[in-house]
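Dear colleague,

I am passing on the structure we spoke about, and I would be glad if you could look through it alongside the notes below.

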Amino acid sequence: MSLSTSRRLALLTGASLALLAGCGSSSDPADGKSTPARVAVVASTNVYGDIARRIGGDRIDVTSVISDPDQDPHSYEASPQNQLALSRAKVVIENGGGYDDFVDHMLKGGHDDSAEVINAVDVSGRAAPQDGELNEHVWYDFPTVAKVADRISTALAEADPGDAAAFAKNTAAFKAKLEPLEAREAQIKKAHGGDGVAITEPVPLYMIEASGLVNRTPAQFSEAIEEGDDVSPRVLQKSLALLSGKKVKALVCNEQTSGPQTEKAEAAAKAAGIPVVPVTETLPKGTDYLGWMTANLDALASALAR
């Protein structure tokens, strides 16, 4: 038997009201008690989205704007769905440093003014070196990630005071799991400190430096690749000579971006028998932050040991 028009409208209206009510609290039909709604969190990439989940658990809802490895945060244009999610967020996590400017553009377009905005670069305290550029890829810097985790915990506790203890406990557990990663860097430094490596982009530099390795790539090469610019013939030749002359132990390349110059670098490395270590900017599918970074360090150590 079909529903009358008035009946359908009544059901739709009731459903809409229920959805709106869900934005504030939910009711357990078993005991009639009202429970707080989960905290809405928006992260610029799935890297920060995963870290937030480690801290918030099932007490938060996370939207990661960029979760596809093929998407480039530098040139990403947010969708209306992203803007809607941001307008409802209580906590917003961005990398900053010019990496994910689309978040700032979205914030200007309207969001909940009470939302806490966490900028990872600002939290890191890192700044551009004299006569150099800031390396904004701070999620490869474990001390910064620990600081960001603390800030996320604080922001979630402010949005949901009743679960503050759970957030603090989860944060402590997450930070404890960062310690083996830093210990792994220390092991690499002890075994290979001072060894030279080449890179295609600055993405993994914090990990490389913490591992005691020396980046021998001309800055003009990696910066041009990162910005999508052409590399001058002189700089390209100098960069390739590092590989053909076996002056480095490994080539660490960002596999999410490629072009003629990076392909030449990889070909030169392989021809010289130099290991190529691929890294990415966002989480590979089917992994989490801790597993991802563990795999990166294992790959780096294995390459250096050859």
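Predicted model: local features only at pLDDT ≥ 70, side-chain atom pairs only at ≥ 80, totals over all residues.

The open sheet has 4 strands in the order S4-S3-S5-S6, and their pairing is parallel. Strand S4 (60-66) and strand S6 (116-119) stand at the edges, and because each has a single partner strand, one side of each is left without a neighbour in the sheet. From one strand to the next the twist averages 15°. Between S5 and S6, which run parallel, there are 4 bridges, and Val 92 has Val 117 in S6 as its bridge partner.

Helix H2 (residues 46-56) packs on this sheet, where it touches strand S3 (39-45), S4 and S5, and its direction makes about 170° with that of S4. Helix H6 lies across S3, S4, S5 and S6, running at about 180° to S6. The 18 residues of H6 (residues 142-159) reach 26 Å from the first C-alpha to the last, which is close to the 26 Å expected, and its buried residues include Phe 142, Val 148 and Leu 156.

In the loop between strand S5 (91-94) and helix H4 (101-108) you will find Gly 97, which counts as partly exposed at 42% relative accessibility. Although Gly 97 and Glu 136 are 39 residues apart in sequence, their C-alpha atoms are 5.3 Å apart in space.

Lastly, helix H9 (residues 219-227) has buried residues, among them Phe 221 and Ile 225, and what covers the buried residues of H9 includes strand S7 (196-199), helix H10 (233-244) and helix H11 (260-271).

Terms used:
Residues numbered from 1 in each chain as written. Heavy atoms only, no water. Helix = DSSP H or I, 4+ residues; strand = E, 2+ residues; numbered from the N terminus. Buried < 20%, exposed > 50% of the residue type's maximum accessible area, 1.4 Å probe, protein only. Contact = heavy atoms within 4.5 Å. Expected span 1.5 Å × (residues − 1). Pairing = 2+ DSSP bridges. Axes fitted to C-alpha atoms, helices over the stretch in contact; angles between N-to-C directions.
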